[in-house]
Structure formats: structure tokens, C-alpha cells
Amino acid sequence: MPMREPSETRILTVASEHLRQYGLKRFTVVAVAEEAGMTHANVYRYFPSRAALVDAVVDVWLKATERRLADIADGPDPADDKLERLILALAKANRDLLTEEPHLFSALSQAVAKRHAISRRNRARVRALFERVVDEGIASGTFEPRDRDRAIAFIIDATHRFIHPAALELDADVPQASIDIRLSTLIRVILRVLGSGIV
């Protein structure tokens, strides 16, 4: 991957700070450019629009999360342990973003709702990690689904409530302990289903 130019890096750093501090409604390219010590025309050399700049900030967070998930998928653990850790890590990352970085979460939620390219790419990369772990489980005999693609779709459907931004917002006021218990129960069900050939 080519290294970012210093100016692009500076723009992204400032834009990230502005988005976190002021939110989408008060986020402007002019303010980012001013703090970055350049003209807004120079910012547009790297990012063609305000939306593109916001997406680039969100994409930095998405890729960092993907790297953490890839570390789990690449680990030496058995497939069932990996799958559990993948689900927990992804749910925690999105949940933490909601509670700790609400403005950045709002930008992510908008990107997902409007099917921006960054969210589609992220969804494909995360799905690929889940597919890899399921394939490992099938190869080792840990998972015995009747249909591999249906099994992967089942995992994605089952975890939607704990991962999708819109669903997380619905549960924003639910105590964390309650969510953890629900997710733990769901993961046990998923692992049992994958190991029993129900799907």
C-alpha cells in the first residue's frame, strides 16, 4: 500500500479531530483546511467533496477494526473459538464507537445506511474473514453445515442486532450487562447450529 502524502495525512488527522469534536452538522472543509494550514482548494485536491473527506475519516477507523479482526482470524485457535472472538470483537468495536465516539459513529451509521463504497468494502472484507474461519471449521470437522453459504448467511443474520449501527442505536439505552448475556447466548446457539448440520 503506498504511503500517504504528508498533506493528506495532516488533513485526515485534523478532519478526524473536527468530526469527533463537532459532529457532522458542524463539520466543514473550510475549518479543516484552516487548522491544517492550507486552503480548502488544497483539501479538495485530495478529497473531492466534504462527503469524501468524512468517508475517509470513517474508513481509517474501519480499517483499524478490520486489522484487529484479521489478527483473530489468522490466529492459531480452533475455528469455534475464532468465530466466537470475531463476533465479540466486532460487536464490541461498534458498541464502543457508539458510546465513546458518538459523532464518528453517526458518520459510520450514515455511510452504512446510504451504502457508501467504504461500507460496502468493509462489509465484504469482514464477511471474507468470517468465511475463512467457517471454512477452517469445516475442514477440521468442527463445523458440519449442510450448506456452507447458508451457514455464513445464518451467522450474519443472527448477529445483525449486535453489529449493525441502526440496531445498536435501538439498544443504546439497554444495560450493557443485558446485551452481553444476550450475545453470549446467541453465540452458543450459532456454534451449536454450525456443529449440528441444521443449516
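A helix here is a DSSP run of H or I, at least four residues long. I looked up leucine 186 under that rule and found it in helix 10, residues 176–196. I note that the model is predicted.

**Entry: leucine 186**
Is leucine 186 buried or exposed? I read 18% relative accessibility. Buried means under 20%, so leucine 186 counts as buried. Next I listed its contacts, leaving aside neighbours within four places in sequence: Ala158, Thr159 and Phe162. I also checked the C-alpha atoms of leucine 186 and phenylalanine 162, which are separated by 10.0 Å. These two residues are 24 apart along the chain.

**Entry: helix 8**
I moved on to helix 8, residues 148–163. It has 16 residues and reaches 22 Å from first C-alpha to last, close to the 22 Å expected. Where is helix 8 kinked? The kink is centred on aspartate 157 and is about 25°. At the N-terminal end I found a cap, aspartate 147. One of its side-chain oxygens lies 3.1 Å from the backbone nitrogen of aspartate 149.

I then noted buried residues in helix 8, among them Ala158, Thr159 and Phe162. The cover over the buried residues of helix 8 includes helix 5, helix 7, helix 9 and helix 10.

**Entry: lysine 82**
Helix 5 spans residues 79–100, and I found lysine 82 in it. Lysine 82 has 3% relative accessibility, so it counts as buried. What does its side chain reach? I found the backbone oxygen of glycine 75, at 2.7 Å. Not counting residues up to four places away in sequence, lysine 82 touches several residues, including Ile72, Asp74, Val133 and Glu136.

Note on methods
Residues numbered from 1 in each chain as written. Predicted model: local features only at pLDDT ≥ 70, side-chain atom pairs only at ≥ 80, totals over all residues. Heavy atoms only, no water. Helix = DSSP H or I, 4+ residues; strand = E, 2+ residues; numbered from the N terminus. Buried < 20%, exposed > 50% of the residue type's maximum accessible area, 1.4 Å probe, protein only. Polar contact = N/O pair within 3.5 Å; in protein donor to acceptor, adjacent residues only side chain to side chain. Contact = heavy atoms within 4.5 Å. Expected span 1.5 Å × (residues − 1). Bend = angle between axes of the 7 residues up to and from the residue.
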